[in-house]
Amino acid sequence: MGTANVRREGSRYAVGLMSGTSVDGIDAALVEIVGKPGAPDGVKLIAFVNTPFPPDVRQEIFKLFEPSYATVDRIGRMNVTLGKLYADAALSVIGQGGLAPVDVSLIGSHGQTIYHAPEDRYTVQIGEGAVIAAETGIPCVSDFRVADIAAGGQGAPLVPFTEYLLYRETARTLLLQNIGGIGNVTVIPAGCVPEDVYAFDTGPGNMLIDGVVSRLTDGAMSMDAGGAIAAKGTVDDTLFERLRQDAYYALPLPKSTGRERFGSAYVEELLRYRNESGLSAEDLVATVTRLTAWSIGDAYVRFIRNRQAADAMIVGGGGSYNPILMSFLKQEMEPHGVQVLTQEETGGNSDAKEAVAFALLADCTMSGVPNNLPSATGARRQAVLGKISY
């Protein structure tokens with residue numbers, strides 16, 4: 001064993017891997033878990049590494065989002081390619097933590113979602129777990145979502161299970177808001193039991209912002225870093241009002257969404273509006289940034305506030321690093337008495353949070369412990385999520 005970390009009695013090391021709808025890269029977290037799977041006494045982040053995708057791989061993943069392009073041979077090749085890249089990311093974070101692969105008990109990999117259609121009872125994540133296990137020599141749990149969908153759920157969100165384990169409090173009701181490509185919120189009522197927790201996708205997170213910026217810059221920029229473009233713009237009220245009418249926001253819970261609704265076709269409509277109206281690039285980016293914040297506030301008013309007023313919202317994901325988006329979000333939430341904080345402001349790590357979650361989910365899978373939250377996904381029953389590769 002490496003000398004940088006001395007394992008506590010009754011503990012084990014696990015790696016969690018995550019790549020989200022923004023396709024920024026692979027987040028890899030090495031954690032130490034103490035106690036029983038599904039009821040840990042302690043979880044410690046040992047190391048975290050983000051590995052950007054090679055440009056050609058990232059480009060190919062985006063092409064696979066289009067069903068007409070995503071033929072079985074192309075999906076098959078990328079499934080293996082991503083498995084190798086995930087394995088490299090796992091080995092990298094293990095080394096960063098001063099350990100060797102033999103010290104690590106398991107890997108949990110979410111994989112890369114290329115299509116999510118819970119209304120049609122299927123979802124597709126790629127990044128072959130058998131390849132990860134073979135390349136690292138460590139058992140790998142992958143393909144988590146399908147078991148929840150088979151049990152009647154949405155297959156998402158899955159992270160609320162671990163958020164309940166790690167964040168619940170006796171006196172405060174907390175909202176755990178993730179702003180990745182898609183925005184999703186977990187509601188953790190004060191003094192709750194697992195059945196009281198619920199969660200859903202609020203709508204677009206960074207997806208529209210990233211998509212618009214990429215198209216406006218011909219791919220030279222993939223995001224509005226630091227909100228710099230939005231800061232120079234003004235929200236276009238006409239467009240903003242039109243975007244607020246999207247049917248997704250009023251859909252009943254449970255619900256989840258993805259690139260199928262808020263992806264390239266949606267971005268094309270935004271660019272068409274810009275061309276017809278003469279809207280500046282800065283104003284368009286400001287407007288979609290405002291929409292993301294509004295959708296989160298709207299979700300709170302529509303689905304949460306009357307069930308239990310929240311005390312604080314803790315924001316993670318890439319959107320938490322966008323000060324313009326965070327400013328808009330505070331304008332939405334603080335009038336309702338909800339304090340808005342980032343993961344870092346509470347001692348957490350926005351980048352590592354979801355990767356840590358998949359390490360914990362995989363820890364449950366390896367012991368046969370149910371690890372979905374039917375109150376969040378809409379599943380008929382609890383289920384053990386994930387497929388194990390040795």
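T170 is a handy place to start: this residue is found in the loop between α5 and β8. Keep in mind as you look around that the model is predicted. T170 counts as exposed, at 74% relative accessibility, since the cut-off for exposed is over 50%.

**Around T170**

- Setting aside neighbours within four places in sequence, T170 is in contact with A190 and G191.

**The nonpolar cores**

- The largest nonpolar core is made of 35 residues. Those with the most contacts inside it are A14, V31, F144, L158, V356, F358 and L361.
- Zoom in on L158 and, leaving aside neighbours within four places in sequence, you'll find it in contact with F144, R145, F358, L361, T377 and L385.
- There's also a second, separate core, with 32 residues, including I26, I46, A47 and I61.

**Helix α12**

- Helix α12 covers residues 323–333, and its buried residues are L325, M326, F328, L329, E332 and M333.
- How are those buried residues arranged around the helix? Seen down the axis of α12, they fall within an arc of 160 degrees, so they line one face.
- As a bit of background, an α-helix has 3.6 residues a turn, so residues three or four places apart point the same way.
- The buried residues of α12 pack against β8, α11 (281–304), β11 and β12 (339–342).
- The N-terminal end of α12 is capped by N322, with a side-chain oxygen 3.0 Å from the backbone nitrogen of I324.

**Aromatic rings**

- Searching the whole structure turns up 10 aromatic pairs.
- One of them is Y115 with Y122, a stacked pair at 6.0 Å centre to centre, with 10 degrees between the planes.
- Both partners are partly exposed: Y115 has a relative accessible area of 26%, and Y122 comes in at 37%.
- F200 and F303 pair up edge-to-face, at 5.5 Å centre to centre and 70 degrees between the planes.
- What does that pair tie together? F200 lies in strand β10 (residues 198–204) and F303 in helix α11, so the pair links parts that are 103 residues apart in sequence.
- F200 and F303 are both buried.
- Elsewhere on the aromatic list, F240, Y248, Y249, F262, Y266 and W294 form one cluster.

**N184 in strand β9**

- N184 has its place in strand β9 (residues 182–188).
- Is N184 buried or exposed? At 16% relative accessibility, N184 counts as buried, because the cut-off for buried is under 20%.
- Not counting residues up to four places away in sequence, N184 touches L176, Q177, N178, F200, D201 and T202. One of these, F200, is the residue that pairs edge-to-face with F303.

How values were computed:
Residues numbered from 1 in each chain as written. Predicted model: local features only at pLDDT ≥ 70, side-chain atom pairs only at ≥ 80, totals over all residues. Heavy atoms only, no water. Core = buried A, V, L, I, M, F, W, Y, C linked by side-chain atoms within 4.5 Å. Buried < 20%, exposed > 50% of the residue type's maximum accessible area, 1.4 Å probe, protein only. Contact = heavy atoms within 4.5 Å. Helix = DSSP H or I, 4+ residues; strand = E, 2+ residues; numbered from the N terminus. Arc of directions from axis to C-beta. Polar contact = N/O pair within 3.5 Å; in protein donor to acceptor, adjacent residues only side chain to side chain. Phe/Tyr/Trp six-rings, centres within 6.5 Å; stacked < 30°, edge-to-face > 60°.
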